Amino acid sequence: MAADNPRGAMFRVITPNQHSRVTNAELFFDLVFVFAVTQVSHTLLHHFTPLGAVHVTVLFLAVWWVWVYTAWVTNWLDPELTPVRILIFLMMLGGLVLSTTIPTAFEGRGLWFAIAYATMQVGRTAFWLFATPRHRSLVRHNAIRILVWLSASAIFWILGGLADDEARLWFWIAALTIEYISPAVRFWVPKLGFSSVEAWAVEGGHMAERCAGFIIIALGEAVVVNGATFAELDWTADNILAFVSALVGSVAMWWIYFHKGAEAGSDWISKSAESGRLARLAYTYLHMPIVAGIILTAVSDELVLKHPTGHSDVRTIVSTIGGPLVFLVGTILFKHSIRGFLQLSHGIGIILLLALWWFAADLSPLWLSAATSAIMIVVAVWESLSLGAKPEEAEEH
């Protein structure tokens, strides 16, 4: 019975040696973030300037942070219970408002974005505190610490929403700085001090599956947008090849992340005595560049599909090479955190992408896309053959 659960009536019941499954309510919640990822990629596509890139980075970091914090809380609370489901549905409402305002967050709807974001972060944490029984003092103190930090950042979000132009950007950078450094300093607050490792324990299999699900969201959004863009074009040999190259690149990204890494991460965090510390590093921080790389690649795919011929411009070069590059940097760091060594295949892929940058301006968008897809295929095949031939713990040669 939920009421007899020593962890709290609204907390998940943890069964030894058994993963907590991702519930349908959580998957339903994730649908909002399919829209959010689409909004982020389209906003970058239409504002591909240095300032626009900074704006989109701020918005992406906010989207990722509100999602991953929710994943942490639903790792502890039980979404099968009605109060927790209502929380998730209210978060969906906030997420829809947040996603809708992304394209104009630095224009007319900045305050709406700020209110939606701050309400989601503070409201969810307050609910978690309310749901935690008094005898679980470590967890309650942790919730209080996080609530204090998020309430402080909420002030800057709202001030930014009320401000104009450059001031908004600086207020929101300050808000994100507060939120992103808080886990690293273990949410220190006066009197309560630092949070303990014990208070951060998670059900590792569930956390790994949730973050893998977000990777699927980002890859799925890229595939859907590519299909929709391709359907609107007059089909020529060039854009057909561009479409195939984009799909091959997405498949390679899937293979690099899921074929070996995702399962290894799930096994490692499930067995770790410090699951919270590993979840903070490997899944909260290091999954950001993985998702960002997929989003940037989706921007490239749309640019190449629409203009496959001619010389590659700066937007095409930055997105076509930068997307896979950021993705590989994220995956090599993620796999290092769970395996303890750097994947040689990923390192060579990063070097090849950097070398390709020197010749990119002389290539058409189609051939540039094909080259990056080929590099990603090489990385995927190399890793599969290398790790398939020896134990996971052995270093690649």
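Which residues in α1 meet which residues in α3? The close-up views below are taken from a predicted model, and the opening view answers that question.

**View A. Helix α1 and helix α3 packed side by side.** In this view, A25, F28, F29, V32, F35, A36 and Q39 of α1 meet R85, I88, F89, M91, M92, G95, L96, S99 and T100 of α3. Helix α1 covers residues 24-46 and helix α3 covers residues 82-101, and the two pack at an angle of about 5 degrees with their axes 9 Å apart. Angles under 35 degrees count as roughly parallel, and α1 and α3 are therefore roughly parallel to each other. Sorted by class, the residues of this contact are 11 nonpolar, four polar and one charged.

**View B. Helix α4 against helix α5.** Here helix α4, made of residues 110-131, packs with helix α5, made of residues 137-162, at an angle of about 170 degrees, and their axes lie 9 Å apart. Since angles over 145 degrees count as roughly antiparallel, α4 and α5 are therefore described as roughly antiparallel to each other. The contact of α4 with α5 holds 20 nonpolar residues, together with six polar and two charged ones.

**View C. Helix α9 and helix α10 at their contact.** Helix α9, which spans residues 275-285, packs with α10 at an angle of about 10 degrees, and the axes of the two helices are 4 Å apart. At this angle, α9 and α10 are therefore roughly parallel to each other. On the α9 side the contact is made by A282, Y283, T284 and Y285, while H287, M288 and P289 take part from α10. Five of the residues in the contact of α9 with α10 are nonpolar and two are polar, and none is charged.

**View D. The contact between domain 1 and domain 2.** The protein is divided into domain 1, residues 24-200, and domain 2, residues 204-386, and the centres of these domains, taken over C-alpha atoms, are separated by 25 Å. Across the boundary, 29 residues of domain 1 are in contact with 29 residues of domain 2. About 2800 Å² of area is buried between the domains, with carbon and sulfur atoms giving 73% of this area. On the side of domain 1, the residues that lose the most area to domain 2 are L45, F48 and W64, which together account for 23% of what that side buries. Two salt bridges are counted between domain 1 and domain 2.

**View E. Salt bridges formed by R210 with E26 and by R21 with E80.** The search of the whole structure finds eight salt bridges, and two of them are described in this view. In one, the side chains of R210 and E26 meet with an N to O distance of 3.3 Å. In another, the side chains of R21 and E80 meet at 2.4 Å, again from N to O. This pair links distant parts of the chain, for R21 lies in the segment before α1, whereas E80 lies in the loop between α2 (50-76) and α3, 59 residues apart.

**View F. The surroundings of T309.** The residue T309 sits in the loop between α10 (287-306) and α11 (314-339). When its neighbours within four places in sequence are left aside, T309 is in contact with D238, S364 and P365. By comparison, V326 stands 17 residues from T309 along the chain, and the C-alpha atoms of these two residues are separated by 25 Å.

Key:
Residues are numbered from 1 along each chain as its sequence is written. This is a predicted model: local features need pLDDT of at least 70, side-chain atom pairs count only at pLDDT 80 or more; totals for chains, interfaces and linings use all residues. Side-chain values use heavy atoms; hydrogens and water are left out. Axes are lines fitted to C-alpha atoms, for helices over the stretch in contact, and angles run from 0 to 180 degrees between N-to-C directions. Angles under 35 degrees count as roughly parallel, over 145 as roughly antiparallel, 65 to 115 as roughly perpendicular and the rest as oblique. Ala, Val, Leu, Ile, Met, Phe, Trp, Tyr, Cys and Pro count as nonpolar, Asp, Glu, Lys and Arg as charged, and the others, Gly among them, as polar. Domain bounds come from an automatic or database domain assignment. Contact means heavy atoms within 4.5 Å. Buried area is the accessible area (1.4 Å probe) that two parts lose on being put together, summed over both. A salt bridge is a side-chain nitrogen of Lys or Arg within 4 Å of a carboxyl oxygen of Asp or Glu.
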